[in-house]
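Please look over the model below before reading on. My notes follow as numbered points, starting with a loop residue.

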Amino acid sequence: MFWRLLRFFLLQAAGAALGYGLWPLELPWQGAVLGSVLAGTVWALIDLRRGMRLLHWLRQGEVAQLPELPGLWGEAGTRARTLLRERDQQLANSETRLAEFLSAIQTSPNGVVLLDAQGRIEWCNRTAAEHFGFDPQRDLGQHIGNLLRDPDFAAYQAAHDYSHAVVIPGPRSTVSRPVRLSVDLHAHGDGRRLLLSRDVTALEQAETMRRDFVANVSHEIRTPLTVLGGFVETLQTLPLKPQEQQRYLALMAQQAQRMHLLVSDLLTLSRLEGSPPPPLEEWHAVRELLDDCEREARALSELVAVPAHEIEFRCDRATELAGASSELLSAMSNLVSNAVRYTPAGGRIDVLWRTLADGQAEFSVQDTGPGIAPEHLPRLTERFYRVDRSRARETGGTGLGLAIVKHVAQRHGAELKIESTPGRGSRFAIRFPAVRLRPTAT
Ligand code: ADP
């Protein structure tokens with residue numbers, strides 16, 4: 001500042017001296033004043049031009065092209081440029097942070113929608129767009145109530161009580177493929193709201209399955225228990241003859257056996273769900289598994305059918321199978337025992353192990369039983385699903401056999417295939433992958 005003032009006064013003094021020396025009249029001080037005013041004006045014009053150049057630069061906002069200015073204006077320009085650069089850097093940092101933040105929210109498995117104070121969409125992530133069928137660009141600024149027209153959501157929004165979520169059907173929900181969304185609002189800022197959505201379809205289905213399962217198990221246990229209770233009461237209250245007593249006791253033993261089977265199948269299922277995957281390095285001779293199955297099948301057939309069934313077991317090649325032997329035996333014998341139980345006396349049952357051209361192998365059980373109508377086939381492996389409830393009760397089934405078979409097959413990377421023609425018989429096959437097979441060493 002000192003140098004700037006000094007330069008100003010020196011210029012004026014020089015102007016005054018020049019005016020004083022060059023003035024033609026006899027009052028040279030007039031020349032000095034004029035010279036000083038002229039010098040001051042020139043100084044002011046130069047200064048103004050520099051100021052204008054700096055202002056022009058500031059208006060253009062091109063930080064890199066700072067004009068070269070001496071003195072005060074130069075320093076002001078440099079400082080302004082430093083400040084602008086810092087601001088630009090801060091802006092860039094904030095933008096990067098915002099972009100990172102938004103991209104993190106984009107990857108969220110939950111839907112996120114930012115609403116302004118009027119309930120208009122300010123931003124939404126891909127999941128929310130998918131959940132609600134929004135267009136993340138076109139629908140910005142739209143009122144949420146215009147796009148989400150579910151009455152439950154409208155009531156929830158109007159009540160302004162956001163302490164709980166509301167479950168609504170997704171816009172693409174159909175009867176065959178229901179989609180259920182849990183939606184909740186959170187107030188923040190001055191009247192703004194955050195809308196979160198979560199796909200709870202699988203959760204609701206699991207909950208329904210759990211409820212159905214408990215209801216089914218209770219029902220399955222209650223029936224034999226009621227029968228047992230009835231017999232106990234009869235035995236306690238009526239003076240029965242010894243033969244009658246024996247008959248009742250035999251029926252009671254039958255019901256107890258039914259409950260025993262049910263509990264043991266339930267335990268098998270829960271073990272399958274909770275145990276680690278079957279090992280790939282534990283090998284079992286298929287022949288031995290088939291022999292065990294055959295023994296059980298013949299014993300069961302003699303028990304339930306007169307005349308017994310015509311049963312044949314064949315194995316095309318000595319093979320070993322990797323997995324959990326108890327599970328494999330349980331799956332195989334479930335299929336064989338179903339064939340025995342559902343095929344009328346004297347019918348034929350063919351059990352075959354064969355290696356396929358692509359290296360896979362198939363365990364199949366073919367019977368000449370009643371067969372199953374096509375509409376039942378997709379549901380056979382559901383827990384407690386039975387084609388004919390009364391018949392299944394007669395044959396002593398728990399309704400869990402095929403669910404166990406499917407579970408075991410899946411755990412071993414195998415596939416359960418069911419083919420059946422009503423009146424002509426059924427064929428159940430488990431197809432094992434090549435990785436779990438090897439020829440028996442000779
Ligand atoms: P269950 O213990 O009742 O036999 P499963 O899960 O083993 O239960 O079988 C489910 C239903 O599939 C059975 O109730 C029966 O109706 C039908 N089913 C299974 N195997 C056969 C078969 N070999 N022939 C005819 N129907 C069968």
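Predicted model: local features only at pLDDT ≥ 70, side-chain atom pairs only at ≥ 80, totals over all residues.

1. Histidine 160 is exposed, with a relative accessible area of 58%; the cut-off for that label is over 50%. The residue lies in the loop between helix H6 (151-159) and strand E3 (166-169).

2. Is phenylalanine 384 buried or exposed? At 2% relative accessibility it counts as buried, because the label applies under 20%. The loop that holds phenylalanine 384 runs between strand E10 (361-367) and helix H11 (389-394).

3. On the backbone, please check the peptide bond from valine 306 to proline 307. This bond is cis, with omega near 0 degrees. Proline 307 sits in the loop between helix H9 (286-304) and strand E7 (310-315).

4. Strand E3 pairs with strand E4 (residues 180-188) through 4 bridges, and the two run antiparallel. In this pairing isoleucine 168 stands opposite leucine 181 of E4.

5. Strand E4 is also joined to strand E5 (residues 192-199), by 8 bridges and again in an antiparallel arrangement. Here valine 183 faces serine 197 of E5. The hairpin of E4 and E5 has 3 residues between the strands, and glycine 189 in this hairpin takes a positive phi near 55 degrees.

6. How many disulfides does the structure hold? The count is 0. For cysteine 293, the closest cysteine sulfur belongs to cysteine 315 and is 12 Å away, too far for a bond, because a disulfide needs the two sulfur atoms within 2.5 Å. Cysteine 293 is buried at 1% relative accessibility. Cysteine 124 is buried too, with a relative accessible area of 5%.

7. As to the overall layout, the domain assignment divides the protein chain into domain 1 (2-98), domain 2 (108-199), domain 3 (204-274) and domain 4 (283-439). The centres of domain 2 and domain 3, taken over C-alpha atoms, are separated by 48 Å.

Conventions
Residues numbered from 1 in each chain as written. Heavy atoms only, no water. Domains from an automatic or database assignment. Buried < 20%, exposed > 50% of the residue type's maximum accessible area, 1.4 Å probe, protein only. Pairing = 2+ DSSP bridges.
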